[in-house]
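Subject: A structure for you to look through

Hello,

Please open it first and keep it beside you while you read.

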Amino acid sequence: MSLKGHIEAICPNGCEVFEAELWSFIRGDRDPELRLEIKAREINLIMCPQCEKPFFPEQPYIYHEPQAELLVFVFPLSFRPKQEYWRGKMRADFELMSQTVGAAFPLRAEPIIIFGVDGLGRLLDFEDYRSEEREVMEWLAKDLGLSLYLVSPRYGRDNDVPGSLPYVRDGLKSTATRESVLAGLEEILKANDRLTAYGRYLEKLKSS
């Protein structure tokens, strides 16, 4: 569930301080409308009641999608000059969260840290693009009789590896190998050479 908090908001135009309600923790998988607000670069955008100008308060928040292994600490752009301090604070907060929530809220990887309103939006745009390519690939794989090897979302994101890889099953063997994945990727790209992430990974695999 996503959570809100109250802050004392300071208008950049020098108006009087006022109280505002902001999202402090966002579950993108459970609140898709908030995910769309992030992609539109509108999350936590508030309006000063005096000058009626919209602005983003200098307030961090956390974004989480468990199945995508995506945990992001989003800091204001003005925090970047002291990013080493904030990275240290993020790690400390992450350790505290891990100890506090335990098995009820498993945190398997250290969070990503982003500064500014655009960073998380760009990341989610890229995630959605990868997801769309994956759906096309999996449909083709089924049509071509290929098997699928699932990749950890965090590993795939960090290493530019697609979320699932096609491979040619070798007789009764069900385990993917480098050679079977190479063969699967080549079949997929013969059927659709516009799957750019799969093209990049094929070239990477050939050169390794």
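In which strand is serine 164 found? The answer is strand S9, which covers residues 164-167. Before we go further, please keep in mind that this is a predicted model.

Let's stay with serine 164 for a moment. Its relative accessible area is 0%, so serine 164 is buried, the limit for that word being under 20%. Its side chain makes a polar contact of 3.4 Å with the side chain of arginine 134. Leaving out residues up to four places away in sequence, serine 164 touches Arg134, Met137, Glu138, Tyr149, Leu150, Val151 and Tyr198.

Is glutamate 133 buried or exposed? With a relative accessibility of 6%, glutamate 133 counts as buried. Beyond its neighbours within four places in sequence, glutamate 133 is in contact with Arg194, Leu195, Thr196, Ala197 and Tyr198. A polar atom of its side chain lies 3.1 Å from the backbone nitrogen of alanine 197.

Next, have a look at two helices. Two packed helices are described by the angle between their axes and the distance between the axes. Here the axes of helix H5 (residues 178-191) and helix H6 (residues 196-207) come within 10 Å and cross at roughly 145 degrees. The crossing of H5 and H6 is left-handed. On the H5 side, Arg178, Val181, Leu182, Leu185, Glu186 and Leu189 take part, and they meet Tyr198, Gly199, Tyr201, Leu202, Leu205 and Lys206 in H6. Sorted by class, the contact of H5 with H6 has eight nonpolar, one polar and three charged residues.

Now for the aromatic rings. How many aromatic pairs are there? The count comes to three. In one of them, the rings of phenylalanine 18 and phenylalanine 55 have their centres 6.2 Å apart and their planes at 90 degrees; planes over 60 degrees apart count as edge-to-face, so this pair is edge-to-face. The pair links distant parts of the chain, with phenylalanine 18 in strand S2 (residues 18-27) and phenylalanine 55 in strand S4 (residues 54-55), 37 residues apart. Phenylalanine 18 is buried at 12% relative accessible area, and phenylalanine 55 is buried at 8%. Ring pairs also link Phe75, Phe79 and Phe115 into a cluster.

Strand S2 holds arginine 27 too. Arginine 27 has 10% relative accessibility and counts as buried. A polar contact of 2.7 Å joins its side chain to that of aspartate 29. Not counting residues up to four places away in sequence, arginine 27 touches Met1, Ser2, His64 and Pro66.

Finally, here are two loop residues to check. Glutamate 69 is not a glycine, yet its phi is positive, near 50 degrees. Its place is in the loop between strand S5 (61-65) and strand S6 (70-75), and glutamate 69 is partly exposed at 21%. Aspartate 160 also has a positive phi, of about 55 degrees, although it is not a glycine. You will find aspartate 160 in the loop between helix H4 (153-159) and S9, partly exposed at 29%.

Enjoy exploring!

Terms used: Residues are numbered from 1 along each chain as its sequence is written. This is a predicted model: local features need pLDDT of at least 70, side-chain atom pairs count only at pLDDT 80 or more; totals for chains, interfaces and linings use all residues. Side-chain values use heavy atoms; hydrogens and water are left out. Helices (H or I, at least four residues) and strands (E, at least two) are DSSP runs, numbered from the N terminus. Buried means under 20% relative accessible area, exposed over 50%, partly exposed in between (1.4 Å probe, protein chains only). A polar contact is a pair of N or O atoms within 3.5 Å; within protein, one must be able to donate a hydrogen and the other to accept it, and residues adjacent in sequence count only if both atoms are side-chain atoms. Contact means heavy atoms within 4.5 Å. Rings of Phe, Tyr and Trp (its six-membered ring) pair if their centres lie within 6.5 Å; planes under 30 degrees apart count as stacked, over 60 as edge-to-face and the rest as tilted. Axes are lines fitted to C-alpha atoms, for helices over the stretch in contact, and angles run from 0 to 180 degrees between N-to-C directions. A crossing is left-handed if the near helix is turned anticlockwise from the far one by less than a right angle, and right-handed if clockwise. Ala, Val, Leu, Ile, Met, Phe, Trp, Tyr, Cys and Pro count as nonpolar, Asp, Glu, Lys and Arg as charged, and the others, Gly among them, as polar.
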